[in-house]
Every structure is written in structure tokens, then in C-alpha cells.
Amino acid sequence: MIAHHTHHGASIGETVTKILSSIGNFFSQLASLDVVPLLFGLACYALYLLLRSRALWAAVRAAYPDERVRWRDVWGAYMVGYAVNNVFPLGGGNIAQLFLTRISVQTSSYPTIASALSTGVIFDWLVGLAVMAFAFTQGVFPKPPDFSKLPAFDISFFASHMRFTLFLLTALGVGFMVAFALLSARVKEFWVHVRQGFAILRDGRRYRYEMASWQLASWVARFAAYWALLDAFHIGGSVRNALLVLGVQVVASVFPFTPGGLGVQQALLVAIFAHARDVAAFSVGQQVATAILSSVLGFAALLLIFRFKSFREVIERARAHRREERYEAGPHAARPGWAHAPTPGAVHAPPRTPHE
């Protein structure tokens, strides 16, 4: 319960003000942070991202068994997407990840890559549901009916208007599938590509050993990361507290209307750890720290693996690549001399060295 709160939702301005205030508290308390737990937590977080990319690599490789799929390309695309999502709202990084993974596998298609990358959601949500079940038994995690009272505009608005929220989720789901179908030359071909992306799910043994096991390891690393970060911010690391933070992450992933679900995380963490003196700094500081880490790794991947100089360039190339694919699939594609004609803005996979 969150009876100690008198808020009944929050405006966008109030949400932004609270976030900025917490960011200020974080920077004002930098000198008081425990450096060793902070660095260990960030190292565990980097390991979490690495392990999860390994699981995604297995899904892409299963979809294209005859192609050479490099792990570093899948990791790099995942890091770029993760970094973008920590800076920009509404999951824009997913588009960057999809594009960069697509150009890394020469014979791939967008529907197949998208469905392969989405297979990771299954295990994540199973673990997420278990984490949420634990969190709700602890007596400090706000129940869904109380979400409307949290001082975060995105979660309080949607919790207060459940009919609109259900309608929006349904419309987005239908719109997503329709958009993918329209982008395909033929609907039947589109669903063939989607089914190809789910290849790893049809092989139970391969899914368990090559994907689910890596995801489980990534959750353990993520758990360790937040335990250490709780110690670094003087909140107190423990099994219970780390699982509560993971529960907050699960909820925030559903409301990506602020970068990385920052507004939701800040409101929930303040409610859960209201007894802790430094909770305001931790509520935003832990995400600032992980966002800096993922941004550094994402930009390094962007520059060293994909040879792009900015996130903006990735977006521009993504649009050019889509135009190129439509051009090659057009009425002239089957005519001699047209299939390999150069297209302005063409994008190709990163060059491979002989030993790869």
C-alpha cells in the first residue's frame, strides 16, 4: 500500500520536475557513493547485456542456419538499441536494433529478424511475472489500483483510464501486425518470414540450452547488479530489495513514455524505499549510471562495428535501406540489369575479415 502518499496522479510538468529534482540529488551526492559496489554493479550490468545478446544471437542463428551470423553484430545492434531507448522515449531503439541486425545478416528480412528478436520476450515475461508475484507479497510494492495515485504522469494516467489503456494496447497490437503485413510484398510471404524467425521455439532442446539458459544467466547478473547498486547508494543490498527493484523494472518496461521508463521507476522506487534517506538519489541515479554505461557501449558498437558516426545517421540509413528493398522488390527487379543496379543511399552489411 502507499497510504503515506497524498498524490492522485501527476501532470507531465510535475513528473519532469520530480525527475529533475532527483537527478539533482544524485549529482549532489556523488561524493558519498561507495565506489567499489558502484563499479561492481556496473560490471554486472554490462555482463547482463552481454549474456542477453547471446540469447538473441541464438534466435537469429536458428532462423538463418545457413548464414554466418556473428555474435558481435547482434550484441552491437542490441547495445545501440538499448542506448537509444535510454535517451529517447517510445522504444525508438528497437527500430535501430532491428535495422542493424538486419544489415548484419545478408539474406535476412525484417519480419524474420523482428520475430527472432521477439522470442526473448517469452522467458523474460515468465521470470518477470514470478518477480512481480514476489514483489506484491512484500507489502510495500504498490498494487495496480494504486498506480493511478503515483506521482508519475505516464503510469498514473493510464492506470486512471483503464478502458482507454486496453483499447490503446489492442489498437497498437493490431496496428503493429497490419503494418508489418503491408510492408511485405505478399501477406503469405510475410507470415512465412515470421514463422522462420520463431525457428528456435520449435526445437525445445536448442531453446533451453542456447537461449533460455543464457537469459537465466542474464537475470542473475542483473540481480547482482542491482544488489550492488543498492549498496552503492546506501539503500542496502539484499535478496528482497534487489527483487523489488527488478519488479520496478518489469513495470517500467510496460510504460516506455519516458526514456527507459524513468518517470515510472522514480515514482515506484520512492514509494517502495520511502524509509531510506537517499532513495531520491537512488531512484534516478541507478538509471543515470546504467544509461551512461549503455550509451558508451552503444556508441562504441555503432562506431567500431557498424562504422556509423551518429544515431541520426543510423535512422537515415535505415530509411534508405528500406527504400532500396522496395526498389529491388518492384516491377523491375526481375529484369536483367536491374537486380544489381546501384541505389542511392544503399546500405550493406559490415565487411567481414577472413577469419570470421
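This is a predicted model: local features need pLDDT of at least 70, side-chain atom pairs count only at pLDDT 80 or more; totals for chains, interfaces and linings use all residues.
The protein has 14 helices and 0 strands, and 48% of its 356 residues count as buried.

**The overall picture**

- Among contacts in the protein with a separation of 6 or more, 73% come from residues 24 or more positions apart.

**Helices α10 and α13**

- On the α10 side, you can find Tyr 226, Leu 229 and Leu 230, which meet Phe 282, Gln 286 and Thr 290 of α13.
- Sorted by class, this contact of α10 with α13 holds 4 nonpolar residues, 2 polar ones and no charged ones.

**Helices α11 and α12**

- The axes of α11 and α12 are 9 Å apart, and the helices pack at an angle of about 150°.
- α11 and α12 are therefore roughly antiparallel to each other, since an angle over 145 degrees belongs to that class.
- Here too the crossing, that of α11 and α12, is right-handed.
- From α11, the residues making the contact are Leu 244, Val 245, Val 248, Gln 249, Val 251 and Ala 252, while α12 brings Val 264, Gln 265, Leu 268, Leu 269 and Ile 272.
- By class, the contact of α11 with α12 has 9 nonpolar and 2 polar residues, with no charged residue.

**Inside helix α12**

- Helix α12 spans residues 262-272, and because 10 of its 11 residues are buried, the helix is largely enclosed by the rest of the structure.
- The buried residues of α12 are Leu 262, Gly 263, Val 264, Gln 265, Gln 266, Ala 267, Leu 268, Leu 269, Ala 271 and Ile 272.
- Gln 265, which is part of helix α12, has a relative accessibility of 3% and so counts as buried.
- The side chain of Gln 265 is joined to that of Gln 249 by a polar contact of 2.9 Å.

**Val 248 in helix α11**

- Val 248 belongs to helix α11, which runs over residues 239-254.
- With 0% relative accessibility, Val 248 counts as buried.
- Leaving aside residues up to four places away in sequence, Val 248 touches Phe 141, Gln 265, Leu 268, Leu 269 and Ile 272.
- Val 248 and Val 131 are 117 residues apart along the chain, and their C-alpha atoms are separated by 9.5 Å.

**Val 74 in helix α3**

- Val 74 sits in helix α3, residues 71-87.
- This valine, Val 74, is buried, because its relative accessibility is 3% and the cut-off for buried is under 20%.
- Residues touched by Val 74 are Ser 53, Leu 56, Trp 57 and Val 69, when those up to four places away in sequence are not counted.
- The C-alpha atoms of Val 74 and Ser 104 are separated by 7.9 Å, although the two residues are 30 residues apart along the chain.

**Two loop residues with positive phi**

- His 234 is in the loop between α10 and α11.
- Though it is a residue other than glycine, His 234 has a positive phi, near 65°.
- How large is the relative accessible area of His 234? The value is 37%, so His 234 is partly exposed.
- Arg 307 is in the loop between α13 and α14, the latter being residues 311-328.
- Arg 307 is not a glycine either, yet its phi is positive, at about 65°.
- Is Arg 307 buried or exposed? Arg 307 counts as exposed, because its relative accessibility is 55% and the cut-off for exposed is over 50%.

How values were computed: Residues are numbered from 1 along each chain as its sequence is written. Side-chain values use heavy atoms; hydrogens and water are left out. Contact means heavy atoms within 4.5 Å. Helices (H or I, at least four residues) and strands (E, at least two) are DSSP runs, numbered from the N terminus. Ala, Val, Leu, Ile, Met, Phe, Trp, Tyr, Cys and Pro count as nonpolar, Asp, Glu, Lys and Arg as charged, and the others, Gly among them, as polar. Buried means under 20% relative accessible area, exposed over 50%, partly exposed in between (1.4 Å probe, protein chains only). A polar contact is a pair of N or O atoms within 3.5 Å; within protein, one must be able to donate a hydrogen and the other to accept it, and residues adjacent in sequence count only if both atoms are side-chain atoms. Axes are lines fitted to C-alpha atoms, for helices over the stretch in contact, and angles run from 0 to 180 degrees between N-to-C directions. Angles under 35 degrees count as roughly parallel, over 145 as roughly antiparallel, 65 to 115 as roughly perpendicular and the rest as oblique. A crossing is left-handed if the near helix is turned anticlockwise from the far one by less than a right angle, and right-handed if clockwise.
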